[in-house]
Amino acid sequence: MNTSKDTPAGHFPEMKIYCCLILFLASTADCQTCGRSFEFYQKQADWEHILIKEMNASKIESNLQYLTSQPHVGGTKADYEQAAYLKEVWSSQGVDKVEIKEYQVLLSYPSESKASGVQIIDETGRIKFTASLFETPVDGSFYDKSVLPAYLAYSASGIIEEDHLIYVNYGSYDDFRYLEEHLEISVKGRLVLARYGKFFRGDKVLNAQRFGAVGMILYSDPQDYAGENGQTSPYPNSWWLPGEGLQRGTIMWHDGDPSTPMYPAIKGACRISQENMDLPKIPVHPISYNDARKIFAQMVGPPAPTAWQGGLNITYNLGTKLRNSGWRIRLEVNNELKEAKTYNVIGKMVGAVEPDRYILLGNHRDAWVYGSVDPSSATATMMEVVRSLCELKKKGWQPRRTIIFGSWGSSEFGYMGTNEWIEENYHSLQNKAVAMLNVDISVVYPYNLFVAATPLMKNVLIEAAKQVPAPNKSLGFENLYSHWNLMRRFTTSLIGYGLSIVSDHSGFYQKLGIPAAYFLWMPDPKEWPHVDYPLYHSTYETFEAMKKFLDPEFSFHLAVAHLWALVTIKLSDSLVLPMKIADEADFLEEMYLELTEEHGNFFQDNKMSTVYLKEAIKEFQQRAKHFQSKINDVDQQQELKLRQINDKIIQIEKAYIYSEGLPHRKHMKNVILGTSVLDQYSGWLLPGIRELIFEHKREKDQKKQAEIIEEICTHLTVIVAAINGAALQLID
């Protein structure tokens, strides 16, 4: 029998490994295939202890210094250089197979010949003010000529020149509706000004389009980004944003290459026309809060509501007219769509027993500038995880299941590398992927751990956290779990199920139903309820900012590395996957109670019943109890029985995938775990139902309301079928 090209020398294909193991597990003899003794399978705890001891915070720090040494926007030469470096490092450390996977995707860059920007023009046509496109270098910081001017990827190009400007607060759907319904101010045909924060910038643009605005200016308000309304000393003296800070980013709301929707951007792929792409339709541009102050000074009209006033030490007027007669605001955007190569670095550590079952680890590599927080803090951490696992391998360990490391390219534009790889490997991942562990950022601020995950990941995350040393023992915590559990949390429960589309894990659970987890250190939600991180996507997000203000000893990075690696080794090595079916059953019941508490009256008023949904959940709970008893009784020396049980476990959440997608968002396939239609940074349980209820409430036409009710009824049936499908996975 020939050896497989995808397995290391000396290992036979899958079935021969199983046969061999079944024979040797019944004795204490060494396996002639992989050289392991029965006692090896009792050493998982020892390997986990060795792994924790192996990891080194100073190595994470060194990794971050390299990664932040130059700007590395997706699709650029610097991006490829980092991909090639990572490939070389992983290969030299002992990863079994490493490759750079290329995709040709449509990215959005500022024009090199025509500048974008915001200007104030007087009645004679003279330019009175021009907003800055670059940050001013500050003491102790360096500036690289390859830094791109501030822009928002995928903004429509165009020129809007208006003598009206309307302030719309954060640009939420409710903000626009409040203006229209309570203040009788319409933004239709107008230019609007909104502040960053609270939710995804692309949804602000989508709301502006919904209400008819023709263009949008976004800025970072000091109330949200400068601390004490700008009264504290900013970077380089703290982590707060200077007045010149500029937030770059994407405003595209569909993930993946827009020119190849739902199929991979491989060589020879058919590209749809730009007119058929679901891209923003209006020009949008970012400015600093110093420049926003000058624009607010030109705005008259009624003062904004008290809750809309920010931290600029000026009265925030709603507009619409400008102070000086004949003066105008000019918004010009010159973006170019370009086909560019994006690079994924894919490493494989091949499993000795189940090489065709995959534990996926990943994070994206590209940044808008230096990216010391987003994403390089996570890339630096993942590099240490990979190095430590390779060192473990040199000591004699080899994973039972295959571990795949993914460094994704061009994710800042809309998770390009992840989604194209998923689309190319869809069927393989559908059958073989066990779980996806994603860390986008390791440390925003070292207060407490924020964890979002699908229900099957709950148990393994908690058990691993109990083994991780506390990152700061002076706080009185012995391990990460006690820190995470006892400090003020971000959600009522330890783990939030609102995964949303906040990072690269989204495609895995949205398109394939793969159990997924996402975690990072975040600020105190009570002290800074709306703070993401102040230097976000700016030139000031440097290595020095991380080293001086956020995690000087890199101990919190190390805690993320420990958790990431321990969850990996537990998922890769445990004979029975450490996933509790009871956690899934409890989640489904909580989901049902939340739905009926929030929308029970809606269902009652429209003569719809959720009884079949309740019965499907009850059936799943009963199946789960029966299945758990089978797990408890399984003979762990019967390899094929273990395989059967584990395969059933990893198919449970995959049953939530509906090929037709959500009713109004066909690209989203998970009918149980999803994203708010109003904010991609927020998760929704039963997203299709919630979106339809939202549409029904804003619809005034009775005939269309009736059509939406029929859609809700249909989608409820789809959800019931999905939960029934999950229950059927648990039957022999």
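Predicted model: local features only at pLDDT ≥ 70, side-chain atom pairs only at ≥ 80, totals over all residues.
Local features need pLDDT of at least 70 and side-chain atom pairs count only at pLDDT 80 or more, while totals for chains, interfaces and linings use all residues. Numbering starts from 1 along each chain as its sequence is written, and side-chain values use heavy atoms, with hydrogens and water left out.

**View 1. Helix H18 crossing helix H19.** Helices here are DSSP runs (H or I, at least four residues), numbered from the N terminus. H18 (residues 611–633) and H19 (residues 639–651) have axes that come within 11 Å and cross at roughly 145 degrees; axes are lines fitted to C-alpha atoms over the stretch in contact, with angles from 0 to 180 degrees between N-to-C directions. On the H18 side we have Phe 627, Lys 630 and Ile 631, which meet Ile 645, Lys 648 and Ile 649 of H19. The crossing is left-handed, meaning the near helix is turned anticlockwise from the far one by less than a right angle.

**View 2. Leu 588 in helix H17.** H17 covers residues 581–605. Leu 588 counts as buried because its relative accessibility is 0% (buried is under 20% relative accessible area, 1.4 Å probe, protein chains only). Setting aside neighbours within four places in sequence, Leu 588 is in contact (heavy atoms within 4.5 Å) with Ile 617, Phe 620, Tyr 656 and Ile 723.

**View 3. Helix H21 and its cap.** With 27 residues (702–728), H21 reaches 39 Å from its first C-alpha to its last, close to the 39 Å expected at 1.5 Å a residue. Asp 701 caps the N-terminal end, putting a side-chain oxygen 3.0 Å from the backbone nitrogen of Lys 703.

Terms used: Helix = DSSP H or I, 4+ residues; strand = E, 2+ residues; numbered from the N terminus. Expected span 1.5 Å × (residues − 1). Polar contact = N/O pair within 3.5 Å; in protein donor to acceptor, adjacent residues only side chain to side chain. Buried < 20%, exposed > 50% of the residue type's maximum accessible area, 1.4 Å probe, protein only.
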